[in-house]
Amino acid sequence: GYTVVDAATAVATHLNKVLRDNAADLLSHDEVQQLLDKLSAKSPKLVEDLVPSKLSLGVLTRTLQGLLNDSVSIRDMRTIVEALCDESSKTQDPDQLTGLVRPRLGRMILQNLAGVKEVLPVITLEANLERMLQNAAEQSGIGQTAVLEPDLADSLFRALRNGTTKTLEQHDCAVLVVSPVVRPWLSKMLKHRVNDLVVLSYSEIPDDQAIKVVLTIETQSK
């Protein structure tokens with residue numbers, strides 16, 4: 001039967017999920033300052049180079065929240081701060097900075113996926129569909145959600161839901177790989193629509209990671 005241990009495990013699993021889903025909301029300026037202080041004890045120059053000379057604490061906090069929203073761990077603060085020192089001259093926009101940091105964390109992102117073996121099974125989009133999404137993303141501008149025709153959006157979400165289910169029947173994880181331009185807003189759009197699908201950009205997969213395309217998504221909408 002259903003034991004107290006089963007119930008406790010179920011509650012713990014649920015709480016972990018709630019914490020993971022809301023991690024970004026729980027991260028405040030104070031916590032970020034503590035993370036910086038901890039890193040500063042080992043690498044004072046590195047932290048000094050970033051905050052406040054290149055980025056404000058507020059922008060850094062929103063960038064880290066962006067990573068947590070993408071379910072990316074921020075444990076490796078050294079790599080994140082090094083990446084931000086390099087990339088902060090390009091933009092001060094937290095969404096863009098999040099996108100620029102992610103490729104540096106690609107190996108860790110993959111390690112956190114369930115059961116990634118030597119070969120990573122991936123889902124891709126059919127070339128014309130990806131081009132259409134890329135055009136929509138570029139036209140909408142940075143930080144804005146691209147607008148898709150309702151029929152195309154419905155068809156895309158349905159195909160990805162079915163594809164995710166099909167992939168998870170045969171593999172431990174479902175990973176959609178798209179271009180860096182498409183990834184941020186598609187990931188945002190899919191977050192609550194297609195559960196268990198991880199959206200990565202090509203640039204986030206380490207060069208030495210073997211991949212195998214197990215499914216290519218096409219939509220019925222023309």
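**Strand partners and crossing helices**

Biologist: In strand β3, which residue is the bridge partner of A174?

Modeller: This is a predicted model, where local features need pLDDT of at least 70 and side-chain atom pairs count only at pLDDT 80 or more, while totals for chains, interfaces and linings use all residues. Residues are numbered from 1 along each chain as its sequence is written, and side-chain values use heavy atoms, leaving out hydrogens and water. Strands (E, at least two residues) and helices (H or I, at least four) are DSSP runs, numbered from the N terminus, and two strands pair if DSSP finds at least two bridges between them. Strand β2 (residues 174-178) runs parallel to β3 with 5 bridges, and in β3 the partner of A174 is L197.

Biologist: Is β3 largely enclosed or largely open?

Modeller: Buried means under 20% relative accessible area, exposed over 50%, and partly exposed in between (1.4 Å probe, protein chains only). In β3 (residues 197-201), 4 of the 5 residues are buried, so the strand is largely enclosed.

Biologist: At what angle do helices α5 and α7 pack?

Modeller: Axes are lines fitted to C-alpha atoms, for helices over the stretch in contact (heavy atoms within 4.5 Å), and angles run from 0 to 180 degrees between N-to-C directions. The axes of α5 (residues 57-69) and α7 (residues 94-101) lie 8 Å apart, at an angle of about 55°.

Biologist: Now Q65 of α5: what is its relative accessible area?

Modeller: Q65 lies in helix α5, and beyond its neighbours within four places in sequence it contacts A24 and L27. Q65 is partly exposed, and its relative accessible area is 21%.
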